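Opened my notebook to jot down what I looked up today. I'll take it one topic at a time.

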Amino acid sequence: LATKIEKKEFVEVTLANDAILKAKTAILALGAKWRNMNVPGEEEFRNKGVTYCPHCDGPLFEGKNVAVIGGGNSGMEAALDLAGLCKHVTVLEFLPEPKADKVLQDRAAKTENVTVLTNVATKDIIGDDHVTGLNYSDRQTNEEKRLDLEGVFVQIGLVPNTAWLKDSGIALTERGEIIVDGHGATNIPGIFAAGDCTNSVYKQIIISMGSGA
């Protein structure tokens with residue numbers, strides 16, 4: 001486990017056991033993890049109805065009612081994909097307006113089994129041994145409501161695994177992404193980065209693989 005990286009005569013990477021690796025160059029391919037909602041029930045029902053990948057787990061919810069948390073492009077794309085499998089899909093967006101591109105919003109509006117709720121906050125996820133619903137509140141009226149469903153797809157973005165770089169001198173975006181140029185170079189000579197931990201516009205496996213190569 002790497003805990004520190006710094007540029008001296010060589011690039012030095014400190015490990016958790018205090019060993020130091022020295023190299024002329026280093027490539028940071030740290031990846032990212034799904035952003036959590038951090039509401040009651042999310043952790044308890046992870047993989048028991050709460051999921052983060054519509055492509056991987058969508059077929060498990062065929063013919064069922066599900067929710068998608070997040071009205072950005074990834075959330076709206078997930079909802080449209082799931083609409084072909086699920087009985088009904090409800091999108092919950094925290095902001096007053098979805099952030100997704102208009103073409104996706106228009107498609108969702110024309111899809112009969114997709115409902116988009118805006119200006120709402122998920123309060124908790126409920127269930128027994130599996131998800132049975134979620135509670136949310138209208139942020140304007142504070143009225144609380146319940147959705148009966150069997151799946152919750154969380155699509156509110158990624159968090160790059162870069163917290164340990166905070167004091168490294170490597171330039172990061174406000175979201176913690178490593179800033180790289182067209183050659184994958186950071187602001188520190190000899191230190192490069194690739195994949196979802198960088199400020200690449202699209203977080204996709206094929207793009208990460210390409211930048212790594």
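Predicted model: local features only at pLDDT ≥ 70, side-chain atom pairs only at ≥ 80, totals over all residues.

Does Ile207 count as buried, exposed or partly exposed? I looked up the relative accessibility of Ile207 and got 33%. Buried means under 20% and exposed means over 50%, so Ile207 counts as partly exposed.

Next I checked where Ile207 sits, and found it in helix H4, which covers residues 205-212. I also found Ile207 in a nonpolar surface patch of about 460 Å². Val201, Tyr202 and Ile206 make up that patch together with Ile207.

Then I moved on to the strands. How many of the eight residues of strand E11 are buried? I got six, so E11 (residues 131-138) is largely enclosed by the rest of the structure.

Which strands pair with E11? One is E10, residues 120-127, which runs antiparallel to E11 and is joined to it by seven bridges. I looked for the residue opposite Val120 and landed on Asp138 in E11. E10 and E11 form a hairpin, and I noted three residues between them.

Strand E12 (residues 144-148) pairs with E11 too, with five bridges and again an antiparallel run. Here I picked Ser137 and found that its bridge partner in E12 is Glu144. E11 and E12 also form a hairpin, this one with five residues between the strands. In that turn I spotted Asn142, which has a positive phi of about 65°.

Note on methods
Residues numbered from 1 in each chain as written. Heavy atoms only, no water. Patch = residues over 30% accessible without salt bridge, like charges linked within 9 Å, V, L, I, M, F, W, Y side chains within 5 Å. Areas by Shrake-Rupley, 256 points an atom, 1.4 Å probe, with all protein chains shown as cover. Salt bridge = Lys/Arg side-chain N within 4 Å of Asp/Glu carboxyl O. Helix = DSSP H or I, 4+ residues; strand = E, 2+ residues; numbered from the N terminus. Buried < 20%, exposed > 50% of the residue type's maximum accessible area, 1.4 Å probe, protein only. Pairing = 2+ DSSP bridges.
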